[in-house]
Amino acid sequence: MIRTAIMIDGAFFIRRARHIFGALDPEQLASRLYRHSCAHASQKGIPVNESLYRIFFYDCPPLQKKMHHPLTGKPIDYAKSEKSNWRRAFHDVLRRTPKVALRLGVLDDVNCSWSISNDKIKKL
């Protein structure tokens with residue numbers, strides 16, 4: 001029997017899902033992810049629970065850093081942001097979903113800083 005493993009780039013999936021489906025709560029998006037994955041893994045005459053090996057969802061935990069806005073100087077606590085809370089809830093739902101393996105990476109401080117694009121600098 002052929003068993004299928006599905007690997008999903010989490011950030012890309014979430015961005016595309018928001019564009020296609022609009023704003024969904026974590027449970028709704030996890031349900032859609034599971035249904036779409038099962039549809040891809042299904043084979044003629046074989047139940048999905050036998051043909052689907054696992055769904056690997058690769059993502060990074062939300063930023064837990066406090067920073068100051070570069071223009072206003074106001075402090076920003078990313079750990080308490082709406083996006084951060086949503087992503088943590090989504091990861092919790094995925095952990096409880098059968099046949100889903102959540103694989104979380106690490107966001108280092110080098111890739112977590114303010115930057116101004118060259119176009120904006122030229123306009124200044």
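A: A compact globule of 124 residues would have a radius of gyration near 14 Å, whereas this protein has 18 Å; the radius is taken over C-alpha atoms, and the globule rule is 2.2 Å times the number of residues to the power 0.38. This is a predicted model, in which local features need pLDDT of at least 70 and side-chain atom pairs count only at pLDDT 80 or more, while totals for chains, interfaces and linings use all residues. Residues are numbered from 1 along each chain as its sequence is written, and side-chain values use heavy atoms, with hydrogens and water left out.

Along the principal axes, the C-alpha atoms fill a box of roughly 60 × 30 × 25 Å. The protein has 5 helices and 5 strands, which follow one another along the sequence as β-α-α-α-β-β-β-α-β-α; helices (H or I, at least four residues) and strands (E, at least two) are DSSP runs, numbered from the N terminus. Of the 124 residues, 28% count as buried, where buried means under 20% relative accessible area, exposed means over 50%, and partly exposed lies in between (1.4 Å probe, protein chains only).

Leaving out residues up to four places away in sequence, His91 touches Asp59, Cys60, Pro61, Pro62, Leu102 and Leu104, a contact being heavy atoms within 4.5 Å. With one of these residues, Asp59, the side chain of His91 makes a side-chain to side-chain polar contact at 2.8 Å; a polar contact is a pair of N or O atoms within 3.5 Å, and within protein one must be able to donate a hydrogen and the other to accept it, while residues adjacent in sequence count only if both atoms are side-chain atoms.

Lys99 counts as partly exposed because its relative accessibility is 24%. Apart from neighbours within four places in sequence, Lys99 is in contact with Arg3, Asn49, Leu52, Tyr53, Arg54 and Ile55, and a polar atom of the Lys99 side chain lies 2.8 Å from the backbone oxygen of Leu52.
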